[in-house]
Amino acid sequence: MFSKVLSAGIGGVDAYPVRVEADVSDGLPQFLMVGYLASEVKEAGDRVRTALRNAGYPLPAKRITVNLAPAGVRKAGSRFDLAVAAAVLASMQKLPSENLKGLMIAGELSLSGQVLGIPGVLALVEAARAAGVRRCIVPAGNASEGALIREVEVIGVSDLQELIELVRHPESGKRARVDADRLLKGNTSYQEEDFSQVSGQQAVRRAAEIAAAGMHNFLMIGPPGAGKTMIARRIPGILPALSLEEALQITKIYSVAGLLPEREALLTKRPFRAPHHTATAEALAGGGRLPLPGEISLSSGGILFLDELPEFRRAVLEILRQPLEEHQICISRTAGTYVFPADFMLVAAMNPCACGFYPDRKRCRCAQRDVFRYLGRLSQPLLDRIDICIEVPALSYGELQKTEQSESSDEIRRRVEKARQLQKERSKGRAACCNARLKAEDAEKLCMLGTREKELIRQAFDRLSLSARSYHRLLRTARTIADLGQEERVKEEHILEALGYRPPDRNEWMREG
């Protein structure tokens, strides 16, 4: 007898429907699985056979064929076990086939018949909604994650017997429920890392606030111990709170990657990823035979922090150029092309030379050529994609001993949120919702420059030999500075401050020394 049930596979960060078809017929006894399967999917036959026997449903001595369609797409993972078991049971007439219609089933089976958790359940339920399916059966440990999609009824099962009872008696299932709005409001603070703990560095704090207000890429240059990493780790606390749409997208990425914390249905904080400088290109961009998200995608919606920037291999850093422009990353494999989100804010820190103390010649012993070579590890096209660059000076003893508390992250975040609200209202009808994402033509329109401001920018363009990208980056940064001051128009002082954050040319840096 023939039967079928719907399941889903993962491609990139999205799921796609997979039809699990089973046929039990006379012939040489065997359990055959077809449909362009990875080895772990082929092994599902052994897991399903043993789990069914231990649950009291031994397979008959017949030819059992299971097909996973479409056959042209490679299927990987153990997520199809539960759907295969349901289809086989229906073919054995142990389950009513008509009750499998309108269902999507996914989960891994243990040999004892227990249903184990799988990655990517949120993406799976989204695929079910897109396919018009209104009921999903998933592992009990993943049910709350899937329940974030309110239009689909998600039911969790912990063992094979529960699945059988649920298919036989559909009304017996208990729908998983999650209050996403409550979760989003209940766990968003970064109290352990606050800007009030940062001594001095007022100019750097101001630059970090501007970067957060416009989602601008941010580079800090300074000697060891000046507080670069400390400041970087506090920037997530001044970013606006996540919207539900953003939280769902971040949760989906982490779920597909298998990094969603246990018993956490929804990620409510912006990600902060800080890969070590020994990270490979694949670790940063994502990859594998069937690609999984890399650090670039895992930081989407939040911050990718690269400490000791010049210590990363140049080939690894150059990978950032496309995602910094397009806010997505494409990975091509023989099995297909996968698109991963990459809407992150780059925050980077570096020393001015290998020893870290240039241009202080009392402490720095690097030769000029060594300093130039060290700075040369960063290409100009990459620096052109950094909106705000600031020098972080070493702290004095007096600054460390000051007793008054610095401004807190909550106070800074309120100003950032007001600036973001202005950007959101101004960008209605446009894809961008923050200044750093504005297209070149939109940046020109929204800055509303007067005659004096235009002349100032013209002089800066000629004297500093700005590129077209640098020019538009300057406009976007000036627009954000004006937004923080609740100014409708960009003024001269905003442009001058933005010019002060221009990444230094290597030759200029050497002359300063």
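**Entry 1: a cavity lining**

I sorted the lining of the second largest cavity by class and got four nonpolar, two polar and three charged residues. My classes: Ala, Val, Leu, Ile, Met, Phe, Trp, Tyr, Cys and Pro are nonpolar, Asp, Glu, Lys and Arg are charged, and the others, Gly among them, are polar. The model is predicted, so I took local features at pLDDT of at least 70 and side-chain atom pairs at pLDDT 80 or more, while totals for chains, interfaces and linings use all residues. Numbering runs from 1 along each chain as its sequence is written, and side-chain values use heavy atoms, without hydrogens and water.

I then listed the lining: Asp387, Leu466, Ser470, Arg473, Leu474, Thr477, Ala498, Leu499 and Arg502. A cavity here is a set of points on a 1 Å grid over the protein atoms alone where a 1.4 Å probe fits but cannot get out; lining residues have an atom within 4 Å of a point. I put its volume at about 70 Å³, taken as the space filled by probe spheres set on the points, with points joined across faces, edges and corners. By this rule I count two cavities of 30 Å³ or more.

Which helices each supply at least two residues of this lining? I find H21 (468-484) and H22 (492-500). H21 gives the largest share, four residues. Helices are DSSP runs (H or I, at least four residues) and strands likewise (E, at least two), numbered from the N terminus.

**Entry 2: salt bridges**

I searched the whole structure and found 31 salt bridges, each a side-chain nitrogen of Lys or Arg within 4 Å of a carboxyl oxygen of Asp or Glu.

I looked up Glu246 and Arg270, which pair at 3.3 Å, N to O. Glu246 sits in helix H10 (residues 244-256) and Arg270 in the loop between H10 and strand E11 (272-273), so the pair ties together parts 24 residues apart in sequence. Glu246 is partly exposed at 32% relative accessible area; Arg270 is buried at 7%. The cut-offs are under 20% for buried, over 50% for exposed, and partly exposed in between (1.4 Å probe, protein chains only).

Next I took Asp343 and Arg437, at 2.7 Å, N to O. This pair links distant parts of the chain, 94 residues apart. Asp343 lies in the loop between strands E16 (336-341) and E17 (345-350), Arg437 in the loop between helices H18 (409-426) and H19 (440-447). Asp343 is partly exposed at 35%, and Arg437 is buried at 15%.

I also noted Arg321 with Glu318, at 2.4 Å, N to O. Arg321 is partly exposed at 30%.

Last, I found Asp14, Glu126 and Lys252 linked in a network of salt bridges.

Terms used
1 Å grid on protein atoms, 1.4 Å probe; cavity = no way out; pocket = protein on both sides within 12 Å on 5 of 7 lines; lining within 4 Å.
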